[in-house]
Amino acid sequence: MALEMRDRCERCATAALPADGPALICSYECSFCVPCGEAMRNVCPNCGGELVPRPRRVASAS
């Protein structure tokens with residue numbers, strides 16, 4: 001089972017979250033840009049869980 005890599009911040013809805021870029025995520029896969037996560041003190045507003053750096057996915061060379 002893979003993480004759902006959401007492409008937009010759930011708070012500001014304007015920040016793009018590319019799979020190979022920085023983002024924050026909680027255990028329920030809520031995703032936020034770094035500035036929004038810092039503004040929320042790394043606490044998810046949906047579940048109250050900790051926001052941590054989301055793993056990055058890099059496109060494989062084909």
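## Terms and model

A residue is called buried when its relative accessible area is under 20%, exposed when that area is over 50%, and partly exposed in between, using a 1.4 Å probe and protein chains only. By this definition R6, with a relative accessible area of 24%, is partly exposed.

This is a predicted model, in which local features need pLDDT of at least 70 and side-chain atom pairs count only at pLDDT 80 or more, while totals for chains, interfaces and linings use all residues. Residues are numbered from 1 along each chain as its sequence is written, and side-chain values use heavy atoms, with hydrogens and water left out.

## Overall fold

The protein chain has 1 helix and 3 strands. Helices (H or I, at least four residues) and strands (E, at least two) are DSSP runs, numbered from the N terminus. Along the sequence, these elements follow the pattern β-β-α-β. The radius of gyration of the protein chain is 11 Å, close to the 11 Å that the globule rule gives for 62 residues, so the chain is as compact as a globular protein of that length. Here the radius of gyration is taken over C-alpha atoms, and the globule rule is 2.2 Å times the number of residues to the power 0.38.

Along the principal axes, the C-alpha atoms fill a box of roughly 40 × 25 × 15 Å. Of the 62 residues, 34% count as buried. The accessible surface of the protein chain comes to about 4200 Å², and carbon and sulfur atoms account for 53% of this surface. Accessible areas come from the Shrake-Rupley method with a 1.4 Å probe; for residues, only the protein chains shown count as cover.

## Contacts and core

A contact means heavy atoms within 4.5 Å. Among the contacts in the protein chain with a separation of 6 or more, 43% come from residues 24 or more positions apart.

In soluble globular proteins, nonpolar side chains tend to be buried together. A nonpolar core is a set of buried Ala, Val, Leu, Ile, Met, Phe, Trp, Tyr and Cys residues joined through side-chain atoms within 4.5 Å. The largest such core in this structure has 13 residues, and C9, F32, C33, C44 and L51 have the most contacts inside it.

S31 lies in strand β2, which covers residues 31–32. S31 is buried, with a relative accessible area of 0%. A polar atom of the S31 side chain lies 3.3 Å from the backbone oxygen of E29. Beyond four places in sequence, S31 touches residues including R6, E10 and R54.

V52 is found in strand β3, residues 52–53. V52 counts as partly exposed because its relative accessibility is 31%. Beyond four places in sequence, V52 is in contact with A23, L24 and I25. The C-alpha atoms of V52 and N42 are separated by 7.2 Å, and these residues are 10 apart along the chain.

## Salt bridges

The structure holds 2 salt bridges. A salt bridge is a side-chain nitrogen of Lys or Arg within 4 Å of a carboxyl oxygen of Asp or Glu. R6 forms one with E4, the closest N and O atoms being 3.1 Å apart, and E4 is partly exposed at 44% relative accessibility. R6 also forms a salt bridge with E10, where the closest N and O atoms are 2.5 Å apart. E10 counts as partly exposed at 35% relative accessibility. Shared partners join E4, R6 and E10 into one network.

Notes
Polar contact = N/O pair within 3.5 Å; in protein donor to acceptor, adjacent residues only side chain to side chain.
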